[in-house]
Amino acid sequence: MSKMITKKINDFFTYKNKILFVEDVSVIDISKRINTPFYIYSTASLRRRYTQLSKSLKNINHSLYFSVKSNSNLAVLRVLSLLGSGMDVVSGGEYLRAQKAGVPGDKIVFSGVGKTYDEIKLALSNGIRQFNVESIPEIKLINKIAANTGKKAPISIRVNPDVDAQTHEKIMTGKLENKFGIPINSALEVYRIASELNSIKIVGIDLHIGSQITDILPFETAFLKIANFIKKLREEGHFIDRVDIGGGLGISYSTKEKDPISIDKFSSMLDKTFNKMNLEIQLEPGRFISGNSGLLITSVVYLKEGTNKNFLIIDAGMNDLLRPAIYDAEHEILPVIEEKNNHNQIVADIVGPICESSDVFSKNTTLPKMTSGDFLAIYSAGAYGAVMSSEYNSRPLIPELIVNENLVSVVRSRPKIEDVIKRDQIPYWLR
Ligand code: PLP
């Protein structure tokens with residue numbers, strides 16, 4: 001028997017005899033059974049990222065609330081809930097998903113700038129750890145609904161610290177021009193107003209300055225501002241025993257780079273900033289846990305060779321993975337079968353089939369010459385991938401799969417196009 005040659009990308013994604021594996025499952029074997037494109041997640045990776053983070057915070061009184069918006073697949077939520085994770089949700093739908101995955105209401109925090117009457121009522125009736133509230137009208141509505149149900153609603157007020165997170169402008173949330181939170185200079189007054197409402201119980205403070213943050217400094221600046229503000233709140237007699245610091249930890253989108261922020265350094269910074277303040281520190285990590293735990297598997301439709309440019313057209317499009325089109329995100333793209341030699345290389349843009357010029361995954365990429373049917377894997381696709389996908393161009397949502405060692409399960413199946421079309425109706429007066 002010939003010897004297996006193994007080349008690790010990391011502990012969960014490996015080339016074995018030049019074929020890409022997710023844990024112990026060959027991507028080629030799956031791709032023969034399930035049509036591309038599809039998402040595939042590694043259970044072991046989700047577990048590792050969660051435990052890595054919680055271990056690095058072990059000296060701090062903390063709790064973790066996975067940000068469901070980054071990946072809301074029930075199987076993913078279940079993996080994390082079995083580890084004891086709470087969930088951060090931003091809609092009634094996400095709240096119900098968290099519950100379905102087995103997360104009790106007292107481990108769910110509800111964020112978001114536009115919670116509706118029905119969403120607030122749902123969370124209050126089924127149980128909630130806290131609402132992260134963002135405006136006076138929202139606080140008043142929560143108070144009214146809580147009064148009607150005879151409950152006291154636990155709230156943390158999201159404060160906007162006016163700090164530049166130095167990330168892509170479309171995922172920056174902590175500057176005053178962003179719609180999020182109450183400006184730090186007016187937040188004291190909002191605490192006063194909230195404390196006078198009978199059905200509101202203030203439990204803490206909340207912030208979230210942005211996502212895919214790659215430098216520790218903006219975090220530190222924001223947390224210092226919040227720590228000082230908590231002192232002021234306590235002097236005024238407000239009860240604050242939790243600070244929810246949101247998510248935002250950046251990841252690498254290349255197999256060649258490590259996480260941009262060391263979580264041990266992040267943890268020490270947190271400890272120092274909120275030192276001896278007797279606070280529970282809540283985190284809402286999304287991307288950090290799910291991002292590097294998933295791949296998008298796609299195949300080549302055509303290689304279109306031109307005089308000016310070559311295009312490798314793949315069967316995944318911006319409707320399946322939106323990040324490159326809206327955030328200029330660059331995900332490393334890996335071959336599913338590693339080429340034996342790299343003699344026959346081309347330079348091409350890797351593009352999707354959608355009729356939009358922004359449907360581009362990478363530009364001027366040097367890659368082995370590929371032909372129709374060859375498989376590729378888009379790296380770091382576990383966060384803000386499947387959740388942001390759409391049926392644009394009438395392409396049904398693509399399947400999601402999850403691997404656990406040598407087991408692989410489809411955890412969201414591809415709808416039939418007939419069923420997608422059937423959702424529309426021609427009214428009787430057009431028949
Ligand atoms: N919490 C809130 C309120 C968010 O809006 C987000 C995402 O932007 C997160 C947590 C998760 O962020 P990330 O995936 O960057 O950790």
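Predicted model: local features only at pLDDT ≥ 70, side-chain atom pairs only at ≥ 80, totals over all residues.
Residues are numbered from 1 along each chain as its sequence is written, and side-chain values rest on heavy atoms, with hydrogens and water left out.

Strand S5 covers residues 38–42, where strands (E, at least two residues) and helices (H or I, at least four residues) are DSSP runs numbered from the N terminus. Five of the five residues of S5 are buried, so the strand is largely enclosed by the rest of the structure; here buried means under 20% relative accessible area, exposed means over 50%, and partly exposed lies in between (1.4 Å probe, protein chains only). Phe 38, Ile 40 and Ser 42 point one way from S5, while Tyr 39 and Tyr 41 point the other way. Two strands are taken to pair if DSSP finds at least two bridges between them, and S5 pairs with strand S15 (residues 294–305) in the antiparallel sense over four bridges, with Ile 40 standing opposite Leu 295. S5 is also joined by four bridges to strand S21 (residues 400–404), to which it runs parallel, and in S21 the bridge partner of Tyr 39 is Glu 400.

S15 in turn pairs with strand S16 in the antiparallel sense over five bridges, and S15 and S16 form a hairpin with four residues between them. Within this pairing, Lys 304 stands opposite Phe 311 in S16. Four of the five residues of S16 (residues 310–314) are buried, so this strand is likewise largely enclosed by the rest of the structure. Three bridges connect S16 to strand S18 (residues 345–351) in a parallel arrangement, and Ile 313 has Val 351 in S18 as its bridge partner.

An open sheet of four strands has the order S1-S2-S3-S4, with antiparallel pairing. Strand S1 (6–8) and strand S4 (25–26) stand at its edges with a single partner strand each, so one side of each is left without a neighbour in the sheet. Strand S3 (residues 19–22) pairs with S4 over two bridges, and Phe 21 has Ser 26 in S4 as its bridge partner.

In soluble globular proteins, nonpolar side chains tend to be buried together. A nonpolar core is defined as a set of buried Ala, Val, Leu, Ile, Met, Phe, Trp, Tyr and Cys residues joined through side-chain atoms within 4.5 Å, and the largest such core has 98 residues, with Phe 131 and Phe 274 making the most contacts inside it. Helix H8 (residues 216–235) gives the most to this core, with eight residues. Domain 1 (6–42 + 292–421) and domain 2 (111–285) both give residues to the core, so it lies between them; the domain bounds come from an automatic or database domain assignment.

Most residues other than glycine have a negative phi, and most peptide bonds are trans. The peptide bond from Thr 36 to Pro 37, however, is cis, with omega near -5°, and Pro 37 is placed in the loop between helix H1 (27–33) and S5. Tyr 384 has a positive phi, near 55°, and is found in the loop between strand S20 (375–378) and S21, where Tyr 384 is buried at a relative accessible area of 12%. Asn 393, in the loop between S20 and S21, has a positive phi near 65° and is partly exposed, at 34%.

A search of the whole structure finds 18 salt bridges, each being a side-chain nitrogen of Lys or Arg within 4 Å of a carboxyl oxygen of Asp or Glu. Among them, Glu 236 and Arg 192 meet at 3.1 Å, N to O. Glu 236 lies in the loop between H8 and strand S13 (242–244) and Arg 192 in helix H7 (residues 187–195), so the pair ties together parts that are 44 residues apart in sequence. Asp 419 and Lys 422 form another salt bridge, at 3.4 Å, and these two residues, three apart in helix H12, are separated by about one helical turn. Asp 419 is partly exposed, at 38%, whereas Lys 422 is exposed, at 61%.
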